[in-house]
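Please look over the model below before reading on. The report then goes through its local features, one topic at a time.

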Amino acid sequence: MSEFKLNETEVKAQLLRLNMTKVELYSVRAGLDVQILKLRLTNGSNASSAIRGKLGSTCKKIGNEITNINSIINTGNTICSKAKTAERTAQISMAGLSDYPRLLDPVTVSVVFSLLSVVAPGLTLPEFLVFGLPAISTWFDIFCEQFGIQRDGTLLEKDENAINDIVNNAEEPYKSIYEDNKDKYNLGHTHGKDTGYYTNEDNTINVDMYEEPNNPRGPYTTYFHESGHAIDYNYKDDGSYYSLTYRNSNGESLQDVIYKDVRNDVTNTVNEYASGDTAQHIVDYIMSGGRDGSLTDAERRILDDVLNDYRTSFKGAVNEAASDVYGGVTDNLTLGDGCYGHRDDGYWYTTDGQPTGMQSLELWAEYYSYAMTGNEAAMQALRERFPEASEFLDEMARSMQ
């Protein structure tokens with residue numbers, strides 16, 4: 001193993017070369033598997049049996065070589081802790097695609113069949129579909145798992161295990177809500193830019209699973225946030241979001257209590273800088289997202305102080321959820337500095353100024369994700385900013401058991 005006594009850059013390069021060798025070996029072995037399957041369709045002559053034996057022996061040798069390479073790679077990873085990140089970057093560059101091929105895609109099947117026909121002349125399409133495609137699919141799964149390649153619609157074993165651990169440690173009723181509803185929706189895109197959302201059009205959550213273990217808001221927070229949206233939509237299976245139709249014991253909607261909480265908070269904050277009609281004008285202006293009424297120069301100066309207060313108090317990852325939903329009510333007037341927010345036109349309000357309901361959908365998804373992941377600091381921040389809405393959501397969650 002003296003070949004690994006190198007600097008970090010050289011180790012990464014060596015690991016990449018070894019992994020490329022593994023790719024080539026997997027490709028050769030897949031081709032041999034297809035030939036063995038094809039020979040099994042013959043009359044079983046001694047000659048065919050002998051050939052199958054030689055091919056099987058070759059496959060075994062390739063397997064041993066792959067094992068040896070894995071051993072060397074493990075040693076290299078021990079020496080260079082950053083090698084895994086370098087491998088993943090190299091793998092993505094090697095693939096050169098934003099989405100890895102799905103094996104049942106007709107174009108992919110056609111291309112793979114054409115390539116294998118060169119390796120195994122005489123291979124027919126029916127033989128390939130019956131025997132070859134399952135074998136290649138198996139090897140492709142092994143390849144992706146070995147190289148840490150995230151395929152759309154699937155979880156790597158490490159992510160699946162981490163998510164299961166989170167679920168097992170989650171508190172009720174949120175744990176049961178997840179387990180009772182997780183099979184009602186699917187996992188869609190799992191890498192790249194086309195992630196970070198749920199769509200009811202194809203009922204998929206789309207999450208960048210490469211980034212989830214190191215999510216700055218907490219590991220797998222986005223996964224459970226998008227799962228919260230999916231569960232919200234699928235719970236009643238009536239084409240509506242439960243967070244928009246559920247009413248609490250007082251007959252209030254989630255929208256009602258969200259706006260009540262935000263108005264109370266905005267009123268208390270404005271009262272620190274003004275009073276009387278001046279304070280009321282500023283509160284109404286903020287709650288309308290700046291659409292209703294006009295402010296005097298003096299009121300606008302006070303408004304600047306109030307908004308600066310929110311920008312400062314909403315700083316930090318633990319406050320991002322509250323900042324986002326407050327922004328949803330105030331049409332993003334109160335976003336915290338550096339906090340993410342939904343800024344697309346029409347996301348929070350229609351063109352005629354009516355709430356879209358996304359305020360409720362987002363608060364439920366945020367609250368649910370923190371309940372699942374056990375992020376107590378972020379949950380406490382939400383409860384402080386949304387005292388009545390938090391009680392509403394806990395009541396709503398209990399109704400889903």
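Where is Asn203 found? Asn203 is in the loop between strand S2 (197–199) and S3. The model is a predicted one.

## Backbone features

Most residues other than glycine have a negative phi, and most peptide bonds are trans. Asn203 is not a glycine, yet it has a positive phi of about 55°. Asn203 is buried, because its relative accessible area is 16% and buried means under 20%.

Asp237 also has a positive phi of about 55° and is not a glycine. This residue sits in the loop between H8 and H9. Asp237 counts as exposed, at 67% relative accessibility.

The bond is cis, with omega about 5°. Pro173 belongs to the loop between helix H6 (157–169) and helix H7 (174–181).

## Packing of helix H7

Which residues of H7 are buried? They are Tyr174, Ser176, Ile177, Tyr178 and Asn181. These buried residues pack against H6, H8, H14 and helix H16 (387–399).

## The salt-bridge network at Arg217

How many salt bridges does the structure hold? The count is 8. Arg217, Glu320 and Glu366 are linked in a network of them.

Start with Glu320. Its side chain meets that of Arg217 in a salt bridge of 3.6 Å, N to O. Glu320 lies in helix H13 (residues 320–330) and Arg217 in the loop between S3 and H8, so this pair ties together parts 103 residues apart in sequence. Both Glu320 and Arg217 are buried.

Now take Glu366. Arg217 forms a salt bridge with Glu366, and the closest N and O atoms are 2.6 Å apart. This pair links distant parts of the chain, with Arg217 in the loop between S3 and H8 and Glu366 in helix H14, 149 residues apart. Both Arg217 and Glu366 are buried.

Arg263 and Asp284 meet through their side chains in a salt bridge of 3.3 Å, N to O. Arg263 lies in helix H10 and Asp284 in helix H11 (residues 276–287), so the pair ties together parts that are 21 residues apart in sequence.

Are these two residues buried, exposed or partly exposed? Arg263 is partly exposed, with a relative accessible area of 32%. Asp284 counts as partly exposed too, at 33% relative accessibility.

## Two buried glutamates

Glu212 is in the loop between strand S3 (204–206) and helix H8 (221–234). Glu212 is buried, yet has no salt bridge. Arg217 is the nearest side chain of opposite charge, and it is 8.2 Å away. Beyond residues up to four places away in sequence, Glu212 touches Val207, Gly218, Pro219, Tyr220, Thr221, Thr222 and Tyr223.

Glu252 is in the loop between helix H9 (242–245) and helix H10 (254–270). Glu252 is buried, with a relative accessible area of 16%. Its side chain joins that of Lys260 in a polar contact of 2.7 Å. Leaving aside neighbours within four places in sequence, the contacts of Glu252 are Tyr246, Arg247, Val257, Lys260 and Phe392.

## His225 and the second largest pocket

What is the volume of the second largest pocket? The volume is about 660 Å³. The pocket is lined by 28 residues, and the closest to its centre are Gly196, Tyr197, His225, Glu226 and His342. S2, H8 and helix H14 (358–373) each supply at least two residues of the lining. The largest share, 4 residues, comes from H8.

His225 is found in helix H8. At 6% relative accessibility, His225 counts as buried. The side chain of His225 makes a polar contact of 3.1 Å with the side chain of His229. Setting aside neighbours within four places in sequence, His225 is in contact with Glu362, Ala365, Glu366 and Ser369. Glu366 is also a member of the Arg217 network. His225 and Thr373 are 148 residues apart in sequence, and their C-alpha atoms are 10.0 Å apart in space.

Technical notes
Residues numbered from 1 in each chain as written. Predicted model: local features only at pLDDT ≥ 70, side-chain atom pairs only at ≥ 80, totals over all residues. Heavy atoms only, no water. Buried < 20%, exposed > 50% of the residue type's maximum accessible area, 1.4 Å probe, protein only. Lys, Arg positive; Asp, Glu negative; His and termini not counted. Salt bridge = Lys/Arg side-chain N within 4 Å of Asp/Glu carboxyl O. Contact = heavy atoms within 4.5 Å. Polar contact = N/O pair within 3.5 Å; in protein donor to acceptor, adjacent residues only side chain to side chain. 1 Å grid on protein atoms, 1.4 Å probe; cavity = no way out; pocket = protein on both sides within 12 Å on 5 of 7 lines; lining within 4 Å. Points joined across faces, edges and corners; volume = space filled by probe spheres on them.
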